Amino acid sequence: MTEHSLKPVSATPLIQATQNVGVLRRFLWNFSDTWIVMRRNLRQLTRQPQLLIFATIQPVMFLLLFTYVFGGAIRFATGGDYISFLLPGVIIQTIIFASTNTTVGLSVDLSKGMIDRFRSLPMSRAAVLAGRTVADTVRGTITITIMMIAGYVIGFRFEDWGTGLLGILLAIAFGHAFTWIGATIGLYVKDPEAAQVAGFIWMFPLTFASSIFVPTMTMPDWLRAFAENQPVSVVANAVRDLMTGTVNPEEITIALFWIIGVIAVFMPLAVWQYAKVASR
């Protein structure tokens, strides 16, 4: 064996080659891992279809009860059928309530040791959270599709299909933003029973003190100031206008700012808390 053959090989070319393909390959790995985790979470719907059934029954009951029980008693200045006012609001309520699935799902994974198993695998940490949030957004989308069918049966109609579908997309984006809040709560709470309570309790003032069921003008001044400037009302109004054929650019812009703001705050928080939990 010669002296030349024993000479160590420099690792610099290997590092440079890895860096050259690293960004694209890392993106593909993250996407692939996210897709796999999303499929894993969605498979629970086929194994436990009652999860989707009960998640659909509640908003449909809200829709029917408010339309036929309270609809005749509620008067609002905009005129028209109450179903045209109610359905877009209930869609917002339904899609943000879906974020509780994220809260409970992550806490269950923590309690059963699934996070430890994920940590032992050569996979992206972000994929665990992204896969969960996307899966719960898909489940929420299925639910509001069924709600739209129920709404059409009892008399709701799009004024314009183009703006109506944009309204649905805006609602789905808002729901996805809230799944990151749910993920953050689930990672902090950890216990599934506590997570179920923590995932719901903060939503009630946001949904009922809003323009989902009634116009804010019917509320006391102190409550109206809160209701008109909180994200649920802002997005519900934008979605309602789009679904009834009205395009208000300023309203849509504010709604998008809320969506982007929620994601910008809670996505890093969720990733940071997941990294903290996974390192233990």
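Helix 3 is mostly covered, with 15 of its 16 residues buried. This is a predicted model, so please hear every value as computed from it. The length of helix 3, residues 82–97, can be checked: at 1.5 Å a residue its 16 residues should span 22 Å, and the end C-alpha atoms are 22 Å apart, which agrees.

Helix 4 covers residues 99–111, and Ser 107 sits in it. Is Ser 107 buried or exposed? Its relative accessible area is 0%, and since the cut-off for buried is under 20%, Ser 107 counts as buried. What is Ser 107 in contact with, once neighbours within four places in sequence are left aside? The partners are Gly 186, Lys 190, Asp 191, Pro 192 and Ala 195.

Now the helix pair. Helix 6 runs over residues 125–153 and helix 7 over residues 161–189; their axes come within 9 Å and cross at roughly 140°. That angle makes helix 6 oblique to helix 7, because only angles over 145 degrees count as roughly antiparallel. The crossing is right-handed.

Which residues make the contact? From helix 6 there are Leu 129, Ala 130, Thr 133, Val 134, Asp 136, Thr 137, Thr 141, Ile 144, Met 148 and Tyr 152. Helix 7 supplies Trp 161, Ile 168, Ile 172, His 176, Thr 179, Trp 180, Ala 183 and Leu 187. By type, the residues of this contact divide into twelve nonpolar, five polar and one charged. As for the spacing along such a list, an α-helix has 3.6 residues a turn, so residues three or four places apart point the same way.

Definitions and conventions: Residues are numbered from 1 along each chain as its sequence is written. This is a predicted model: local features need pLDDT of at least 70, side-chain atom pairs count only at pLDDT 80 or more; totals for chains, interfaces and linings use all residues. Side-chain values use heavy atoms; hydrogens and water are left out. Axes are lines fitted to C-alpha atoms, for helices over the stretch in contact, and angles run from 0 to 180 degrees between N-to-C directions. Helices (H or I, at least four residues) and strands (E, at least two) are DSSP runs, numbered from the N terminus. Angles under 35 degrees count as roughly parallel, over 145 as roughly antiparallel, 65 to 115 as roughly perpendicular and the rest as oblique. A crossing is left-handed if the near helix is turned anticlockwise from the far one by less than a right angle, and right-handed if clockwise. Contact means heavy atoms within 4.5 Å. Ala, Val, Leu, Ile, Met, Phe, Trp, Tyr, Cys and Pro count as nonpolar, Asp, Glu, Lys and Arg as charged, and the others, Gly among them, as polar. Buried means under 20% relative accessible area, exposed over 50%, partly exposed in between (1.4 Å probe, protein chains only). The expected span of a helix is 1.5 Å times one less than its number of residues.
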